[in-house]
Amino acid sequence: MTSSSSDPARPSSVAARLEAVRRRIAGAARAGGRPADGIVLTAVTKTQPPAAVDAALAAGQRVFGENRVQEAQTRWSGRRGSVSDLELRLIGPLQTNKASDAVSLFDVIETVDRPRLIEALAAAGLKAGRTVRVLIQVNTGAEPQKAGVPPGEADALVEEARARGLSVEGLMCIPPAGEAPGPHFALLRKIARRNGLEVLSMGMSGDYEMAIRFGATHVRVGSALFGERNPPETPSID
């Protein structure tokens, strides 16, 4: 491992970045008249090296987001038992055949976007004897290549998830690249309010301060904490 102070995996580098992000979150919350402790920072650790993950844990970070079930199993199976207050959130697309694995590993699944996945998660939760906590992912930009329920169908999907016994805590979105994120954040907030949902997972490294101004309760930050992601050696089949 390089000894350079610029190495993003160094504990001092991760701790400094984490503190800087926390300060910016607090500033954005104050600007919006909100308490800073009402904003949850989800550290996105997908494809990050073990040293970076351990550095974040050592710096006190406890909420982490992962994109792939298999990668998360590898990363957290040896760490979960030693961190009692750890919270893992699935923030990437989930195939129905991975539902049981996801329910076993993650505390919250943020990417519920279709009836078949609701059915699979409900069955997995029943088998595991636990209530599955979820967010509904909304495709606010109606992008055909992106996961998420269309905005006009979000209310019905929330109702269906509730009817199947899932604990629907809120909504999640990823605004289209190249577009101003504000209108997408506002749309997600509007859908959440009419469904009585409090959690809004929106905002990433480039726009989390704006997301907080629009009511985000959870922000998903990766590169601002760890530097640019390292590409996986092999493609995921999740």
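Which residues of helix H2 (residues 50–58) are buried? Hi everyone, let's start there. They are Ala 52, Val 53, Ala 55, Ala 56 and Leu 57. Buried here means under 20% relative accessible area, exposed means over 50%, and partly exposed is in between, using a 1.4 Å probe and protein chains only. Helices (H or I, at least four residues) and strands (E, at least two) are DSSP runs, numbered from the N terminus. Just after H2, Gly 60 has a positive phi of about 100°.

A quick word on the model. It is a predicted one, where local features need pLDDT of at least 70 and side-chain atom pairs count only at pLDDT 80 or more, while totals for chains, interfaces and linings use all residues. Residues are numbered from 1 along each chain as its sequence is written, and side-chain values use heavy atoms, with hydrogens and water left out.

Now to the charged side chains. A salt bridge is a side-chain nitrogen of Lys or Arg within 4 Å of a carboxyl oxygen of Asp or Glu. By that rule, there are 14 salt bridges. One of them joins Glu 19 to Arg 23, with the closest N and O atoms 3.9 Å apart. These two sit four residues apart in helix H1 (residues 11–31), so about one helical turn separates them. Glu 19 is partly exposed, at 38% relative accessible area.

Have a look at Glu 66 and Arg 75 too: their closest N and O atoms are 2.5 Å apart. Glu 66 is buried at 0% relative accessibility, and Arg 75 is buried at 9%. Then there is Glu 143 with Lys 146, at 2.7 Å between the closest N and O atoms. Here Glu 143 is buried at 14%, whereas Lys 146 is partly exposed at 22%. Salt bridges also link Glu 87, Arg 89, Glu 110, Arg 133 and Glu 169 into a network.

On to the aromatics. Rings of Phe, Tyr and Trp (its six-membered ring) pair if their centres lie within 6.5 Å; planes under 30 degrees apart are stacked, over 60 edge-to-face, and the rest tilted. The structure has two such pairs. In Phe 64 and Trp 76, the ring centres are 4.8 Å apart and the planes are at 50°, so this pair is tilted. Phe 64 lies in strand S2 (residues 63–66) and Trp 76 in helix H3 (residues 69–76), twelve residues apart. Both are buried.

Phe 185 and Phe 214 make a tilted pair as well, 6.3 Å centre to centre with 55° between the planes. Phe 185 is buried at 0%, while Phe 214 is partly exposed at 23%. Thanks, everyone!
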